[in-house]
Amino acid sequence: MLVRLPGVYPPQEDTWLLAGALARENLGPHSHVLDICTGTGALSMCAAAAGAGNVTAVDISRRALATTWINARLGRHSVRMMRGNLTEPVGGQFFDVIVSNPPYVPALDDVLPTRGVERAWDAGVDGRMLLDRICAQAPSMLAQSGVLLIAQSVLSGVEKTQTMLEERGLGVEIADRAEIPFGRILSARAALFEARGLIDSGQRTEEIVVIRAVR
Ligand SMILES: C[S@@+](CC[C@H](N)C(=O)[O-])C[C@H]1O[C@@H](n2cnc3c(N)ncnc32)[C@H](O)[C@@H]1O
């Protein structure tokens with residue numbers, strides 16, 4: 001069970017889809033795992049519980065890291081926690097597995113929230129403001145044969161993710177996918193998404209995918 005401080009993203013379908021993909025990776029005592037955008041630390045705890053010897057969790061939110069710290073203590077897991085912007089706190093380091101469930105929901109504008117729970121999902125008009133940065137930064141941080149696992153919605157351009165990662169020399173596949181009903185945030189934006197042609201009229205589900213890219 002995970003503790004969650006107010007304002008921290010509750011683990012949900014995308015978290016658990018990614019956790020399933022993470023569990024299929026080779027996580028031994030010598031493996032180094034990086035969890036970018038850790039939130040409650042759910043994926044870091046999964047990696048540590050699966051046997052990963054070195055787990056690093058990064059988030060920009062102090063509350064998220066406090067939550068991760070509590071969850072690591074409760075689960076008796078050893079997790080290194082770093083506050084900062086995506087990969088910045090771990091620049092120059094290499095990882096066997098990088099996992100990320102970043103904000104990817106298309107928003108009204110390209111102004112990223114600097115506080116509040118919206119910071120967990122708003123990702124600019126095309127939903128790619130963080131995805132693009134992860135796709136640009138993470139490949140060069142993978143160890144030889146290292147694996148990058150990213151969750152995102154089809155509303156935020158899966159092909160662009162695949163192309164960016166392939167351009168950086170990675171082999172890319174869709175590791176998992178799930179069709180899920182719109183939650184509160186997407187329901188409130190349904191008319192906007194219809195107007196932008198992102199969804200069909202009356203559509204109230206989205207597909208979440210896990211992209212697996214290997215160096
Ligand atoms: C969708 S939540 C995912 C949380 C968790 N990994 C999970 O799957 O349940 C996204 C997280 O990204 C964090 N975040 C947003 N912008 C960030 C940034 N620029 N750098 C690092 N973390 C960021 C938010 O604080 C939030 O905790």
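1. The second largest pocket is lined by 20 residues, and those nearest its centre are Tyr 9, Gln 12, Trp 121, Ile 185 and Leu 186. A pocket here is an open set of points, on a 1 Å grid over the protein atoms alone, where a 1.4 Å probe fits and protein lies on both sides within 12 Å along at least five of seven lines, and lining residues have an atom within 4 Å of a point.

2. On the basis of the work: this is a predicted model, in which local features need pLDDT of at least 70 and side-chain atom pairs count only at pLDDT 80 or more, while totals for chains, interfaces and linings use all residues. Residues are numbered from 1 along each chain as its sequence is written, and side-chain values use heavy atoms, with hydrogens and water left out.

3. Returning to the second largest pocket, about 420 Å³ of space lies in it, a volume being the space filled by probe spheres set on grid points that are joined across faces, edges and corners. Helix H6 (184–188), helix H1 (13–23) and strand E6 (171–181) each supply at least two residues of its lining, and the largest share, three residues, comes from H6.

4. The largest pocket holds about 730 Å³ of space. Of the 38 residues that line the largest pocket, Asp 59, Ile 60, Ser 61, Arg 119 and Ala 120 are the closest to its centre. Among the elements that give two or more residues to this lining are strand E1 (32–36), strand E2 (54–59) and helix H4 (129–137), but the largest share, three residues, comes from H3.

5. The ligand sits in the largest pocket, in the sense that more than half of its atoms lie within 2 Å of the grid points of that pocket. There are 18 residues around the ligand, of which Thr 15, Cys 37, Asp 59, Asn 85 and Asn 101 come nearest; a residue counts as near if one of its heavy atoms lies within 4 Å.

6. Polar contacts (pairs of N or O atoms within 3.5 Å) deserve a look residue by residue. A polar side-chain atom of Asn 85 lies 2.8 Å from a nitrogen atom of the ligand, whereas Leu 86 and Thr 38 each place a polar backbone atom by a ligand nitrogen, at 2.9 Å for Leu 86 and at 3.3 Å for Thr 38. The protein covers 95% of the 590 Å² of accessible area that the ligand has on its own, as given by the Shrake-Rupley method with a 1.4 Å probe.

Conventions: A polar contact is a pair of N or O atoms within 3.5 Å; within protein, one must be able to donate a hydrogen and the other to accept it, and residues adjacent in sequence count only if both atoms are side-chain atoms. Helices (H or I, at least four residues) and strands (E, at least two) are DSSP runs, numbered from the N terminus.
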